[in-house]
Amino acid sequence: YMVVTGGDCGGHGTAEAEIMRRIMVRMGVRDRRILPECQAKDTIQNALLVVPLLIRLGIDQVSIVTSEFHVRRTKQYFETIFA
C-alpha cells in the first residue's frame with residue numbers, strides 16, 4: 001500500500017492527499033493500493049490518523065517519504081504512536 005496524507009491546509013479546495021493520489025494514479029500506481037488520509041493539518045496529525053489505519057491493516061513496518069525538513073519529527077511521531 002501507499003498511504004498519502006494531508007488535508008487542505010492551504011484552503012484551495014483539494015486535500016494534499018488527494019492531489020498526491022491523482023499524481024500516483026497518473027504514474028501507474030493502482031488506485032486500490034493508494035490509501036488517502038485527507039484530514040491531517042500537520043505532521044503529528046498525519047501520524048495520529050495514519051497509524052491506526054496501518055494497525056487495522058496489520059502493517060507494523062513502514063517507509064516514510066517526506067522532505068528532509070520533516071524526517072526527524074515524522075520518524076519520532078510514527079515510532080511513538082506505533083509503540
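Start with helix α2, residues 43-56, in this predicted model. The helix has 14 residues. From first C-alpha to last it reaches 20 Å, close to the 20 Å expected at 1.5 Å a residue. Even so, α2 has a kink of about 25° at Val 50, shortly before the proline Pro 52. Just after the helix, Gly 58 takes a positive phi of about 80°.

Now look at what α2 packs against. Its buried residues are Thr 43, Asn 46, Ala 47, Val 50, Val 51 and Leu 54. They pack against β1 (2-5), β2 (34-37) and α3 (71-82). Nonpolar side chains tend to be buried together in soluble globular proteins. Here, the largest nonpolar core has five residues: Ala 47, Val 50, Val 51, Leu 54 and Phe 78. Four of these residues come from α2, the largest share. Leaving aside residues up to four places away in sequence, Leu 54 touches Val 3, Ile 59, Val 62 and Phe 82.

Next come the charged pairs. The model has four salt bridges. Glu 18 bonds with Arg 21 in one of them, with the closest N and O atoms 2.7 Å apart. Both lie in helix α1 (residues 16-26), three residues apart. Glu 18 also forms a salt bridge with Arg 22, at 2.9 Å. That pair is four residues apart in α1. An α-helix has 3.6 residues a turn, so residues three or four places apart point the same way.

Arg 22 is partly exposed, at 40%.

Notes: Residues numbered from 1 in each chain as written. Predicted model: local features only at pLDDT ≥ 70, side-chain atom pairs only at ≥ 80, totals over all residues. Heavy atoms only, no water. Helix = DSSP H or I, 4+ residues; strand = E, 2+ residues; numbered from the N terminus. Expected span 1.5 Å × (residues − 1). Bend = angle between axes of the 7 residues up to and from the residue. Buried < 20%, exposed > 50% of the residue type's maximum accessible area, 1.4 Å probe, protein only. Contact = heavy atoms within 4.5 Å. Core = buried A, V, L, I, M, F, W, Y, C linked by side-chain atoms within 4.5 Å. Salt bridge = Lys/Arg side-chain N within 4 Å of Asp/Glu carboxyl O.
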